[in-house]
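Here are some comments on the structure that you asked me to look over. Please read them with the sequence and the model side by side.

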Amino acid sequence: MTENVWGYRETSGRLAGGDLTGYKVEATDGSIGKVDKHSDEVGSAYIVVDTGPWIFGKEVLLPAGTIVRVDADDKKIFVDRTKEQIKDAPEFDRDKHLGNAEYHNQVGGYYGKNRL
């Protein structure tokens, strides 16, 4: 069974309409940065993470399906990927890739295949 990688899991604790900007993002093996942007668009939900010093000057786009849990009290998001899997994902450029169907398919394919 293939889960929709672009939709939030029912068990994530994500509250529709809540602002995730500024939440810390935790991979399975440590922190990767903070949410800079997010989308709740049906069939295309994601978070954009500013990786700060981890991958200096880079942002990464994570489909909502990678989110395991949203902790609103601690303002943290937990994803089911390792730092290495996230670092190896297709490179994200906000100006080129937001709203780009080809990039959307590329990222969806990467995260759909690379599950833990």
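**Notes on strands, rings and one lysine**

1. Strand β2 (residues 30–39) pairs with β3 in the antiparallel sense, and the pairing runs over five bridges. Since this is a predicted model, please take every value below as computed from the predicted coordinates. Within this pairing, lysine 34 has aspartate 50 of β3 as its bridge partner. The two strands β2 and β3 form a hairpin with six residues between them, and glycine 43, which lies in the turn, has a positive phi of about 80°.

2. Strand β3 also pairs with strand β4 (residues 59–63), again in the antiparallel sense and over five bridges. One of the places to look at here is valine 49, whose bridge partner in β4 is valine 60.

3. Turning to the rings, the count comes to two aromatic pairs. Phenylalanine 92 and tyrosine 103 form a tilted pair, with 6.0 Å from centre to centre and 40° between the planes. Phenylalanine 92 lies in the loop between α1 (83–87) and α2 (94–97), whereas tyrosine 103 lies in helix α3 (residues 101–113), so this pair ties together parts that are eleven residues apart in sequence. Phenylalanine 92 is buried, with a relative accessible area of 7%, and tyrosine 103 counts as buried at 4% relative accessibility.

4. Tyrosine 110 and tyrosine 111 have ring centres 5.0 Å apart and planes at 85°, so their pair is edge-to-face; the cut-off needed for this step is that planes over 60 degrees apart count as edge-to-face. Tyrosine 110 counts as buried at 16% relative accessibility, and tyrosine 111 is buried with a relative accessible area of 1%.

5. A ring also takes part in an arrangement with a charged side chain: arginine 14 lies over the face of tyrosine 8, at 5.2 Å from the ring centre.

6. Finally, please look at lysine 83, which lies in helix α1 and counts as partly exposed at 24% relative accessibility. Leaving aside its neighbours within four places in sequence, lysine 83 is in contact with Ala27, Asp29, Gly30, Ser31, Ile32 and Trp54. The C-alpha atoms of lysine 83 and valine 68, which are 15 residues apart along the chain, are separated by 15 Å.

Technical notes
Residues numbered from 1 in each chain as written. Predicted model: local features only at pLDDT ≥ 70, side-chain atom pairs only at ≥ 80, totals over all residues. Heavy atoms only, no water. Phe/Tyr/Trp six-rings, centres within 6.5 Å; stacked < 30°, edge-to-face > 60°. Helix = DSSP H or I, 4+ residues; strand = E, 2+ residues; numbered from the N terminus. Buried < 20%, exposed > 50% of the residue type's maximum accessible area, 1.4 Å probe, protein only. Lys NZ or Arg CZ within 6 Å of the ring centre and 35° of its normal. Pairing = 2+ DSSP bridges. Contact = heavy atoms within 4.5 Å.
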